[in-house]
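Please look over the chain shown below before reading on.

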Amino acid sequence: MTWKSDSEIREYVRGGLDRKGTDRIERRALADRGTQARLDALRHQAIALRQAFTFPPFDMSRIQVGVRARSPYRAMGIPPAAALWLQIAGMAALLFLLHRTGAYVAPPDVMLERSEGRVLLDSRPLSVSRSKRLVMNQEVQTSPGAQATLQLDFANRVVIAPDSTLVVLEPREGVRQVVALAKGEIWARFAAAGQKFAVTFGRGQYEISGTTAEFDLVTGDRALAMLPLNLAGGADAAPLAVLRVFRGSVNARQGYSQGQAVNRDQWMVFYGKASPVVGEQGNENFKLLRLDQTERFKDDLHWLTTEIYPLRAENSTLELERRLHKLAQALLEYRERYVVRIGRDEIYAFEREFEAELSKNVPEAQKRIDENKTLPDDQLPPKGPLRISDHDLVASAPLMREIVARWVSRADSFATLGSAAKTLLGRAQILETEVNLREQELTKAIALKNDLDKLIKRIGEDNAEIEKLKADPYFDLDGSKRKALDLLLEDQRKIEKAAGEARSKLELVRFKLNGFESKIDDGKRARVPLAAAVTDKQKTVDEISARQKANPYTAEKLAQAKELVEGLIIALEKKVIPALETAEAQLKLAKARLTEAKKKAEGAKAEFDQLEKQDQDLRVAAADRKSEAEQADAELKKAEKTVEEIQKKIDALPEKDRAKSPLQEDLKKAKVVEEKARGAKNKADESLNLAELSLTNAEKALGEAWQKQKDCNAEVVTTEGKVAEWEAKVSEGKQELASQKASVADAEAAQKAQEDAKAELEVLAVQWGEAADVLSKAQFALEDQDIALKKLEDDATPLRDELAGLLAAVDAGDKAKDEIKRLDTEKQKSVALDQEIAKRGAARDLIQASVDEMKTRPLIVNYGKLQADFEKVHAEHAGIEYLRARALDEDNREHQEQLAALDRYNEAAVKAQVQAVALLDGFCAPYRGFNLAASEADALVAKSKLMEALWNLYYSGEPVILPDGRVQQCYYVVAEAGSNADALRDLDQRWAVALATVLDRERYEAAGKLSAADLAPPQRK
């Protein structure tokens, strides 16, 4: 049985879950046979251990007397203490023997959790009636288009990709879970901490191992197609395997070498004789493109969804994304080659315009400040970085002039004015963080100052309260009131003492009754497994009956399936395969020429890719550090709240019970958790500051490497056009081949399903009879236990009646006890009043000491300086954001003025669109039972429009400007820039509009109900 997380189980054990979470775990435990079997074993062990140490009372002296009667010279009786020590020694020896015989590595529990398509176990088709549990050294094979998922020890999962072979090996010393990837690809997640795993490949020459990790491993010919995009020179080598680690870390080694660590977000490429290469994962979201939300490898595209843009990483596939990304990247490079902008002239013009603007606005702002008539909020821009106050404008004007002067001095190094403006992003982010930190410090100073005022006010209130307490009627100045109460208390305690004698008899009766109650409880505990057994056996019988009713087997369906398989295989071998082989030979010749051209361009691209990878990695790292800091802060608040809640519970208890309360232990544990959370938060804040500083330095180096790359790719574009022509022809052949293979696979699956259903029906009949017999035996055992319990209840009834009579005799003593409490309460009120007066006086003195100490704290002493520093940093941040926004606005205006130069780019865009539409059409398989239009011709036109819409949303040279001024980019730009969720939601809405434009309302609503399961077998062009 699998759980959401280890923390959920720990919370359940210590009673920290709510009612809903507790019910969910207990229902799953009751429904899981493995869990119930383990619980039954634990119950039997507990009963056996209890019986070993619990015996009915027996007088050993009788044995000694009897032995002495037979032999008056020696006493043969064994003292009870010696017998107990003899039992303990025997059990220790037994446990030692069990430990010695069990010291071996137990094999893991391996289950075939899920299978799709044709899956083979040891080269034999998987049978429906066969157990899903795998044994050691068993081979799992997936055919093309098939997948399988293995579950190891209920916590670890291995997903086997199509056309792959995996062998489950025997465990070895220190390694419990061992598998060998003989061919293909796997995705694995090992989450059981403390249990080491190992995955071998390359005929056992290579091994990756670890304890907690999530990774993807691909071997053989498929590894060449899945090389990391940022691998320099990867196309020239023949890789043996590619490893990507998404969580945790693994150790990769060859033979008996020490190995090398591969950590989270890193990849490693293995070669035959050369050393492996390790690198950081780039901006390609490999995991999303390779796996869907159900942890299966993607092999098709759900392209008619109305909720989300189909080419987002969540829906798209790795092969399609890489080919579209290549087209978009080439088109973007073509655009940058022919649409030229002169950054030097743009910066010079901006410098003149911005200086004139400052010369006009700064004096006016200073005048308003002097007159105390600064601009109100309604006269400033509604939102955004252009919203700058008069004080910030005057204070930041020298800094803005200095930054613009630096741009002018380095004007030749910027491609556009926007490039110069983007250099301010890192500084703006650092200043934003500093503003937040200073604002937090200033807020603490203000809060401390408010606390100081409250404490001074509290001292006056305490003085008034002390005088009020002295006027209370219970205030006993000379002690006369308490002396009279003591006399009354002495009389009532005499009555209470008499009631104690009755209580002594009460305990004897209770002792006798407890003996019966213990037997009754033992009987009820023994009934629990019997009742559970009846329920379990009844459930088994019902399940077998339901499976018999649901069996789909008929002899007619089986015969039809066999005839269809034979006809499809003949057509595939004689017609489709020969035509595809001819087209692939021509494509191979064209690709050889393309490889020659690519080698010349890759050298220039390597340097830029490396810097770009570093920039993206640093952005991801900065975002991760920020998320970790926020999470650590939330954990600290949660721990502090827990400590406060436990303390409140302790304070609510009577004072005499607080020290012995179990809550004191919970309070200590909660405080330990609080201290750990506070340390984690401080560490996360330090990591965030370091990550943001590294990001600023990386962005500066990236701009300098971009220009160097642009001039080396023109020759590749020309050669790729020729390759695309032959790829189109090969794709047509592959489409027909894939379609025919898919038909064969469907027919074989239908035949296999009927054969398996027939075998299963025969097995179920035998299983039902056996289960019904077991159920009857369990019901008789439960009935016998209920009869024994009823007899015990009847024997205990007289003792319960006697106990009730004694309890009535104690009531009189209880009334006297209540009177004692009342009198004692009056006395305690008087004493408490004196104590309260003394306590308030001490508290008042303590508060006065706190006031004196707080006045010397740095936050109070330096309050004025803190406020001045905050205003200075805030003004610098506002000025940089204002300058950056102004420059970006001017950059956008320059872009609009040069749109006339896009004619040549549009010609290349048309050619790229034709290639992209053809590629998308091959991946967008039809949906079963769904037509895009009323006629076939109209459906072809509608699909062509949708393919164009998919491409235009994936890559478009012209961004969409919304009425509110926001810019909507294409998916290629959004994914490359790592934009936020708002940009992706805009793409989803634009895709929904495109669908609604092409389809009528009825078909649009029908498309919204389609799922990936409705796709026909995929056809690739």
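Predicted model: local features only at pLDDT ≥ 70, side-chain atom pairs only at ≥ 80, totals over all residues.

In strand S17, the bridge partner of Trp267 is Gly279. Residues are numbered from 1 along each chain as its sequence is written, and side-chain values use heavy atoms, with hydrogens and water left out.

How many of the residues of S16 are buried? The strand is mostly covered, with 6 of its 6 residues buried, where buried means under 20% relative accessible area, exposed means over 50%, and partly exposed lies in between (1.4 Å probe, protein chains only). In a regular strand the side chains alternate between the two faces of the sheet. In S16, Gln266, Met268 and Phe270 point one way, Trp267, Val269 and Tyr271 point the other way, and all are buried.

The buried parts of the chain can be followed further through its nonpolar cores, a core being a set of buried Ala, Val, Leu, Ile, Met, Phe, Trp, Tyr and Cys residues joined through side-chain atoms within 4.5 Å. The largest such core has 67 residues, and those with the most contacts inside it are Trp303, Trp951 and Tyr954. Among the elements that each supply at least two residues of this core are strand S14 (239–254), strand S16 (266–271), helix H8 (318–338), helix H20 (903–923) and helix H21 (936–954). A second, separate core of 37 residues includes Leu112, Ala148, Met268 and Phe270. Counting contact as heavy atoms within 4.5 Å, and leaving aside neighbours within four places in sequence, Trp303 is in contact with residues including Pro310, Cys924, Tyr927, Leu946, Trp991 and Leu1015.

Two helices can be set beside their expected spans, the expected span being 1.5 Å times one less than the number of residues. At 1.5 Å a residue, the 21 residues of H20 should span 30 Å, and its end C-alpha atoms are 31 Å apart, which agrees. The buried residues of H20 include Tyr905, Ala908, Ala912, Ala916, Leu919 and Phe923. For helix H14 (residues 555–652), a straight helix of 98 residues would span 146 Å, but H14 spans only 75 Å between its end C-alpha atoms. H14 bends by about 40° at Leu572, the bend at a residue being the angle between axes fitted to the seven residues ending there and the seven starting there.

Helix H16 (residues 663–710) holds Glu699, which counts as buried because its relative accessibility is 19%. Not counting residues up to four places away in sequence, Glu699 touches Leu425, Gly426, Asp615 and Arg619. The C-alpha atoms of Glu699 and Leu618 are separated by 9.7 Å, although these residues are 81 residues apart along the chain.

Most residues other than glycine have a negative phi, and most peptide bonds are trans. Asp122 has a positive phi of about 55° although it is not a glycine, and its place is in the loop between strand S2 (119–121) and strand S3 (124–125). Asp153 likewise has a positive phi of about 55° without being a glycine, and sits in the loop between strand S6 (147–152) and strand S7 (156–160). Asp122 is partly exposed, with a relative accessible area of 29%, whereas Asp153 counts as buried at 14% relative accessibility.

For the chain as a whole, there are 24 helices and 19 strands, and 34% of the 1021 residues count as buried.

How values were computed. Helix = DSSP H or I, 4+ residues; strand = E, 2+ residues; numbered from the N terminus. Pairing = 2+ DSSP bridges.
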